[in-house]
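Please view the sequence and the model first, and then turn to the notes on charged pairs and helix packing.

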Amino acid sequence: MKLVVDTNIVIAALLKDGLTRKIIFERKYILYTPAYTLSEIEKYKGHICAKAHITLEEYEEIIQGLFHYIHIISAKIYSLQLVAMEKQISDIKDMPFLALADAINATIWSDDKHFKEQKIIKVYTTKELLALP
């Protein structure tokens, strides 16, 4: 199954070596995220390191590990879908994830409740993914 990974999922995997990171590393799914995710994560790098009690070097090591399994996709791939997704969700920061999922015929992995507002793209929470066979 192809999944578009929301920023909150990547941050959860950075913060803790738990279920989220396990799902990413087990390679059961083909994972994608918009390039936008990288800029969002970069804004919170210091906060993530402090909260996770990791050094910048450890942060970089974890990031490299995560993005070994998560494919970063340029906005060029889903730019046409952005307009169509504009009215589908209240949080405009979520539009690139919907547009990318639509462009590559994927579902979304997010624990953000905003994604459940729309009915175009299937959305799985971490808990729902864990319940799948």
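**Salt bridges and helix packing**

Glu 60 and Lys 45 form a salt bridge in which the closest N and O atoms are 3.5 Å apart. This pair links distant parts of the chain, with Glu 60 in helix H5 and Lys 45 in helix H4 (residues 45-52), 15 residues apart. The model is a predicted one, and its count of salt bridges comes to 5.

**The network around Lys 45**

- Lys 45 also forms a salt bridge with Glu 42, and here the closest N and O atoms are 3.0 Å apart.
- Through shared partners, the salt bridges join Glu 42, Lys 45 and Glu 60 into one network.
- Lys 45 has a relative accessibility of 18%, so this residue counts as buried, the cut-off being under 20%.
- Glu 42, at 43% relative accessibility, counts as partly exposed.
- Glu 60 likewise counts as partly exposed, at 34% relative accessibility.

- Glu 40 forms a salt bridge with Lys 43, and the closest N and O atoms of the pair are 2.8 Å apart.
- Both Glu 40 and Lys 43 belong to helix H3, where they lie 3 residues apart, about one turn of the helix.
- Glu 40 is buried, with a relative accessible area of 9%, whereas Lys 43 is exposed, with a relative accessible area of 54%.

**Packing of helix H3 against helix H5**

- Helix H3 covers residues 36-43 and helix H5 covers residues 56-69; the two pack at an angle of about 160°, and their axes are 13 Å apart.
- Because angles over 145 degrees count as roughly antiparallel, H3 is described as roughly antiparallel to H5.
- The crossing in which H3 passes H5 is right-handed.
- On the H3 side, the residues that meet H5 are Leu 38, Ile 41 and Glu 42.
- On the H5 side, Tyr 59, Ile 63 and Phe 67 meet those residues of H3.
- Sorted by class, this contact of H3 with H5 has 5 nonpolar residues, no polar residues and 1 charged residue.

**Where the two topics meet**

- Glu 42 is one of the H3 residues that meet H5, and Glu 42 also belongs to the network with Lys 45 and Glu 60.
- Helix H5 contains Glu 60, the residue that forms a salt bridge with Lys 45.

Technical notes: Residues numbered from 1 in each chain as written. Predicted model: local features only at pLDDT ≥ 70, side-chain atom pairs only at ≥ 80, totals over all residues. Heavy atoms only, no water. Axes fitted to C-alpha atoms, helices over the stretch in contact; angles between N-to-C directions. Helix = DSSP H or I, 4+ residues; strand = E, 2+ residues; numbered from the N terminus. Parallel < 35°, antiparallel > 145°, perpendicular 65-115°, else oblique. Left-handed = near helix turned anticlockwise from the far one by under 90°. Contact = heavy atoms within 4.5 Å. Nonpolar A, V, L, I, M, F, W, Y, C, P; charged D, E, K, R; others polar. Salt bridge = Lys/Arg side-chain N within 4 Å of Asp/Glu carboxyl O. Buried < 20%, exposed > 50% of the residue type's maximum accessible area, 1.4 Å probe, protein only.
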